Amino acid sequence: MKKTIIIGHKNPDTDSIVSSLVAEHYCKNVLRLEAKAYRAGEINNETKFVLDKFSALAPQLLKKIKGDEDFVLVDHNELSQAADGLQIGQIKRIIDHHKVNLQTEAPIFLRVDPIGSTASVLARMYGEAGKKIPANIAKLILAGILSDTLDLNSPTATEADRKLVKELNKIAKLDLKKFVAELFAAKSSLKGISLETLITQDYKTFEMGASKVGIAAWETTDPKSVTVQKEKILELLAGKKAADKLDHIVFMLVDIVAQNSILFVVGEKEEDILRKVFGGEVANREMFLPGVVSRKKQIVPRLTEALSK
Ligand SMILES: [Mn+2]
């Protein structure tokens with residue numbers, strides 16, 4: 001049987017990694033595929049904590065795509081976010097919760113739900129297949145949901161996510177309050193994080209109309225730990241913008257406790273578009289956005305609309 005590779009996006013976050021592991025279990029046990037999870041980049045501090053806590057092995061780093069493997073993409077569907085070298089024709093299946101921006105050459109299995117995490121989509125798929133979710137898989141799914149939805153506080157969280165957390169925790173039996181506190185602490189940890197890593201760990205590029213836009217995010221319980229380094233971060237962002245040939249670059253610093261964001265304003269072009277779209281004041285090259293925590297739901301759609309006119 002042809003080998004199937006399951007993989008999440010570059011700069012993988014917790015949802016991306018746990019979803020690849022859960023999808024491996026699903027593909028083997030439900031679809032009876034010869035499938036193996038890989039990752040398209042380094043594991044972040046939060047994901048490290050999750051894998052350690054649940055004694056799960058990190059997926060192997062995919063170094064080179066040979067070209068003859070089949071792929072299942074989880075937690076992304078845009079080629080710009082996929083592992084380098086992936087050809088459209090290799091994609092056989094997608095399990096995701098982002099807007100779809102993909103032109104395929106042939107029909108594929110496409111499962112995209114407007115729900116809080118890719119892990120949530122996978123949980124639903126077990127239910128639909130009438131398969132029980134084992135405790136180790138339930139724990140990983142819970143980590144994906146609670147990480148991606150910021151403990152169900154993000155506007156991306158749905159009623160379905162809330163129900164899934166309750167149902168899954170009957171199997172996983174976690175102290176959820178304690179788990180989320182540990183998860184958020186690990187998410188905010190700057191241990192081993194250079195400023196370069198800070199702006200690239202959760203970085204995605206998007207085609208918005210004729211513009212190419214890079215949006216980096218950093219979620220933290222302690223925004224001051226990052227704002228003290230603003231000048232240097234702005235410099236690095238300007239360099240990344242040039243290196244990646246971007247029209248705009250945005251860094252969003254998300255306060256996951258107070259539920260708001262600070263956008264770092266790199267240049268005049270960014271200031272223009274951000275003022276136009278979000279209407280906030282720019283002071284000291286920062287724009288404060290109360291209630292904004294989701295790149296996917298609160299930043300990307302509005303920027304895309306403005307830049308597509
Ligand atoms: Mn996700």
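Six strands make an open sheet with mixed pairing, in the order S7-S8-S9-S10-S12-S11. The model is predicted. The chain splits into domain 1 (4–185) and domain 2 (195–307). A second open sheet, also of six strands, has parallel pairing and the order S3-S2-S1-S4-S5-S6.

**Domains and their contact**

- The centres of domain 1 and domain 2, taken over C-alpha atoms, are 25 Å apart.
- Domain 1 gives 12 residues to the contact, and domain 2 gives 15.
- On the side of domain 1 that touches domain 2, eight residues are polar, three are nonpolar and one is charged.

**The mixed sheet**

- Strand S7 (residues 203–208) and strand S8 (residues 211–220) run antiparallel and are joined by six bridges.
- Thr205 faces Gly214, which sits in S8.
- S7 and S8 form a hairpin with two residues between the strands.
- In that hairpin, Gly209 has a positive phi near 60°.
- Strand S9 (residues 248–255) and strand S10 (residues 260–265) are also antiparallel, again with six bridges.
- Met252 stands opposite Leu263 of S10.
- Helix H9 lies across S8, S9 and S10. H9 runs at about 140° to S9.

**Ile233 in helix H9**

- Helix H9 spans residues 230–243 and contains Ile233.
- Is Ile233 buried or exposed? Ile233 is buried, because 22 other C-beta atoms lie within 10 Å; the cut-off for burial is 20 or more.
- Beyond residues up to four places away in sequence, Ile233 touches Leu195, Leu198, Ile199, Phe251 and Phe264.
- Leu198 is 35 residues from Ile233 along the chain, yet their C-alpha atoms are separated by 8.6 Å.

- The edges are strand S3 (60–61) and strand S6 (109–112), and each pairs on one side only.
- Two bridges hold strand S2 (residues 35–39) to S3 in the parallel sense. Arg39 has Leu61 of S3 as its bridge partner.
- Helix H1 (residues 14–29) packs on this sheet. H1 touches strand S1 (4–7), S2, strand S4 (70–74) and strand S5 (91–96).
- The direction of H1 makes about 175° with that of S2.
- Helix H3 (residues 118–129) packs on the sheet too, touching S4, S5 and S6. Its direction makes about 105° with that of S5.

**Strand S4 and its partners**

- S4 pairs with S1 in the parallel sense over four bridges. Within this strand, Phe71 is the bridge partner of Ile5.
- S4 also runs parallel to S5, joined by four bridges. Val72 has Arg93 of S5 as its bridge partner.
- Why is S4 largely enclosed by the rest of the structure? Four of its five residues are buried, so the strand is largely enclosed.

**The largest nonpolar core**

- In soluble globular proteins, nonpolar side chains tend to be buried together.
- The largest nonpolar core here has 87 residues.
- Ile6, Val22, Ala23, Leu122, Ile141, Leu142 and Phe251 touch the most other members.
- Helix H4 (residues 135–148) supplies the largest share, eight residues.
- Both domains take part: the core draws at least three residues from each of domain 1 (4–185) and domain 2 (195–307).
- Ile6 has contacts beyond residues up to four places away in sequence, among them Ala23, Cys27, Ala35, Ala37, Val72 and Val74.
- The contacts of Ile6 also include Ser20, Glu24, Lys36 and Tyr38.
- Phe251 is listed among the core residues that touch the most other members, and Phe251 is also in contact with Ile233.

**Phe49 in helix H2**

- Phe49 lies in helix H2 (residues 45–53).
- Phe49 is buried, because 20 other C-beta atoms lie within 10 Å; 20 or more is the cut-off.
- Leaving aside neighbours within four places in sequence, Phe49 is in contact with Glu182, Leu183 and Ala186.
- Leu183 is 134 residues from Phe49 in sequence. In space, the two are 7.3 Å apart, C-alpha to C-alpha.

Note on methods. Residues numbered from 1 in each chain as written. Predicted model: local features only at pLDDT ≥ 70, side-chain atom pairs only at ≥ 80, totals over all residues. Domains from an automatic or database assignment. Contact = placed C-beta atoms within 7 Å. Nonpolar A, V, L, I, M, F, W, Y, C, P; charged D, E, K, R; others polar. Buried ≥ 20, exposed ≤ 12 C-beta atoms within 10 Å, placed from the backbone. Pairing = 2+ DSSP bridges. Axes fitted to C-alpha atoms, helices over the stretch in contact; angles between N-to-C directions. Core = buried A, V, L, I, M, F, W, Y, C linked by C-beta atoms within 7 Å.
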